[in-house]
Amino acid sequence: MTARRRAGAGVPVLLVPPAAIGAAFLLLPTIALLIRMPWSGLRGLYANSDVSSALTLSLQTATAATVVSLLFGVPLAWMLARLRIRGLGVIRAAVTMPLVLPPVVGGVALFLALGRFGVLGRYLDQWFGFTLPFTKYGVVAAETFVAMPFLVITAEGAFRVADRGLEEAAATLGASRLAVFWRVTLPGIGPSLVAGTVLCWARALGEFGATITFNGSLAGKTEVMPIAISKALETNPDQAEALSLVLIAIALVILAALREQWLRPAVSP
Amino acid sequence: MSAGPDPDVDAGLDAAVEVDRGRFRLELDIQAGPGEIVGVLGPNGAGKTTLLRTLAGLLPLSGGYVRLSGAVLDDPAAGVYLDPPRRRVGVVFQDYRLFPRMRVLDNVAFGPRSRGVARTAARHSAQQWLDRLGVGQLARRRPGQLSGGQAQRVALARALAAEPRLLLLDEPLAALDARTRATVQGELREHLAEFAGPTLLVTHDPLEALLLADRIVVLESGRIVQQGSPHDIAARPATDYVATLVGVNLYAGVAAGGRVELDDGGTIVIGDTALTGRTLVAVRPSAITVYTSRPDPGSARNLWPGRIDALAPLGDRIRLSVSGSPGALVDVTPPAVAELGLARGRDVWLATKATEVDAYPDQG
């Protein structure tokens, strides 16, 4: 009986040490942070106005970037999933580029496109007197650039496997294409859309490289949490730790919200 | 073919369907008058679902036309193609395709809502349709909480609530278990009788077609091989497929002087001496008598030897599969099997009267 159970478990012994080391490596930093946290002085640190303004700015810009990503990313995902056009594969590869691009490079590219003398940015400046970099809107642009692909690939996969039969049924009942999309297709991918939105928001919230490259770090204006943490680490490590704790708490909430998606072993994201 | 199109086709469906899909080609003319239920019967892969999709507008025609109530829905030569929402063709899909995240009531209200009816009015009308189909009490459920028979009725209510000009049913009873089928079948016939427009019912189940349809069109390999009343189809099948479906022995051969020389060997004496040329002969399994030794010549004009290949119970009878020239399906009673000692491998004699044999010209 014992022998059979052991055979059923079927774990190759050689895989155990690297697996344990991998898990420890991923968990240790968070544990260290919690151990070293200056718990008694936290209240004073959070009262600091720089901290609260960085947090507010982060939540605002990440949420705005997520809304922008939904408005443009969901239609884009639908096109990528459903259209049969030559060259679509190239577009798909291009729009997911920010996933693999170093964020700093993304920031430089954004600057060349939307900066004051950028390909598109110069016209924004000439015609509207509006410059994107070093503003809140610049932060939203940088975060959207980095985070939207997460939403696009999640939604695209869901659109691809969505039940076309239901869409056909809706069409025979008199629904226009837009009504089919709005009332049948979109509700059908609901769970994936929620997961993609949360992923997108979390990525936007954590964005550092592209944001600092494109917008610098103006306190209260473009200095979002990750930038504030990085700066604080040099001058006031306790504050860096306190700010990190906030982001850890947010990450835990996200994990709890997505447990249906991720914590079940057999379900792919 | 034998049964002509309905004279009132202007108010019904009139279609000449041509679809090319690589190696498969569907080519047929089909008509259905107002209130008429046409059963499209055929094996899997015959093109039944393709036909249904072209009529619903889910698949464009390669050639031909579809006209409904005098309006052209599809005509590639004239550059006309109406997409599904503009056709008013209701479909009850084989897997029902109810919207899983909507309540039953909103599923049924979907059609009226899509055509611009206000939410309250659409829900009111949906409730009426559900009541009419006897599932009004399920309005607040989700499709996942319905049994097969309930889902079937909700799907029909949803299609009818959209006020279609043509109703298409794809294997309406196939997803139901045997016990539910019997009840739903009877109800379905009543509900379809109330629908004023033409109905097309696609199925591979002959019983479903025979019981529900006013007229049957038999489809094989993308073409119509036979059409007529359920009685005609059952009594005089035109192909082996139909004969097998309705459980009749069908033989093809050449008739002359009251005898048919069968293509696969053997001769059958028929009553009709005037019939000549290519002929089909249909013999019901219950019209054949089995003997365990050669009988004296009696009134049966056809007598031939064979060997029992298989026995299978079929309702209150036993169906024997007998090889010989020709081979035949023969129905006998269980006591006869016991008394005669009929068993697999047993040599027997088969007999049938010329008057029990139905011979008719082969139009294939």
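Among contacts in chain B between residues at least 6 apart in sequence, what percentage join residues at least 24 apart? The figure is 65%. Please keep in mind as you read that this is a predicted model.

**Chain B as a whole**

- Nine helices and 21 strands are found in chain B.
- The C-alpha trace of chain B spans about 80 × 50 × 35 Å along its principal axes.
- Of the 364 residues in chain B, 42% are buried.

**The two domains of chain B**

- Chain B splits into domain 1, covering residues 9-242, and domain 2, covering residues 255-361.
- Taken over C-alpha atoms, the centres of domain 1 and domain 2 of chain B are separated by 40 Å.
- Contact between these domains involves four residues of domain 1 of chain B and four residues of domain 2 of chain B.
- On the domain 1 side of that contact in chain B, three residues are nonpolar, none is polar and one is charged.

**A helix pair in chain B**

- Two packed helices are described by the angle between their axes and the distance between the axes.
- For helix α2 (residues 104-114) and helix α3 (residues 119-132) of chain B, the axes come within 8 Å and cross at roughly 120 degrees.
- The crossing of α2(B) past α3(B) is right-handed.
- From α2(B), the residues that meet α3(B) include B:Val104, B:Leu105, B:Val108 and B:Pro112. Their partners in α3(B) include B:Ala122, B:Ala126, B:Trp129 and B:Leu130.
- By class, the residues of this contact between α2(B) and α3(B) are nine nonpolar, two polar and three charged.

**Where chain A meets chain B**

- 14 residues of chain A are in contact with 18 residues of chain B.
- On the side of chain A that touches chain B, the elements giving two or more residues are α10 and α11 of chain A.
- With seven residues, α10(A) gives the most to that side of chain A.
- The chain A side of this contact has nine nonpolar residues, four polar ones and one charged one.

**A look at helix α11 of chain A**

- Helix α11 of chain A runs over residues 177-188, and its buried residues are A:Val180, A:Val184, A:Thr185 and A:Gly188.
- What do the buried residues of α11(A) pack against? They pack against α10 (164-172) and α12 (190-206) of chain A.

- A:Met225 is located in helix α14 of chain A, which covers residues 225-235.
- Is A:Met225 buried or exposed? A:Met225 counts as buried because 25 other C-beta atoms are within 10 Å, and the cut-off for a buried residue is 20 or more.
- Leaving aside residues up to four places away in sequence, A:Met225 touches A:Ala54, A:Leu55, A:Ser58, A:Leu243 and A:Leu247.
- A:Leu243 is 18 residues from A:Met225 in sequence, and the two are 7.2 Å apart in space, C-alpha to C-alpha.

Definitions and conventions: Residues are numbered from 1 along each chain as its sequence is written. Chains are lettered from A and ligands numbered from 1 in the order in which they are written. This is a predicted model: local features need pLDDT of at least 70, side-chain atom pairs count only at pLDDT 80 or more; totals for chains, interfaces and linings use all residues. A residue is buried if 20 or more other C-beta atoms lie within 10 Å of its own, exposed if 12 or fewer, and partly exposed in between; C-beta atoms are placed from the backbone. Helices (H or I, at least four residues) and strands (E, at least two) are DSSP runs, numbered from the N terminus. Two residues are in contact if their C-beta atoms, placed from the backbone, lie within 7 Å. Domain bounds come from an automatic or database domain assignment. Ala, Val, Leu, Ile, Met, Phe, Trp, Tyr, Cys and Pro count as nonpolar, Asp, Glu, Lys and Arg as charged, and the others, Gly among them, as polar. Axes are lines fitted to C-alpha atoms, for helices over the stretch in contact, and angles run from 0 to 180 degrees between N-to-C directions. A crossing is left-handed if the near helix is turned anticlockwise from the far one by less than a right angle, and right-handed if clockwise.
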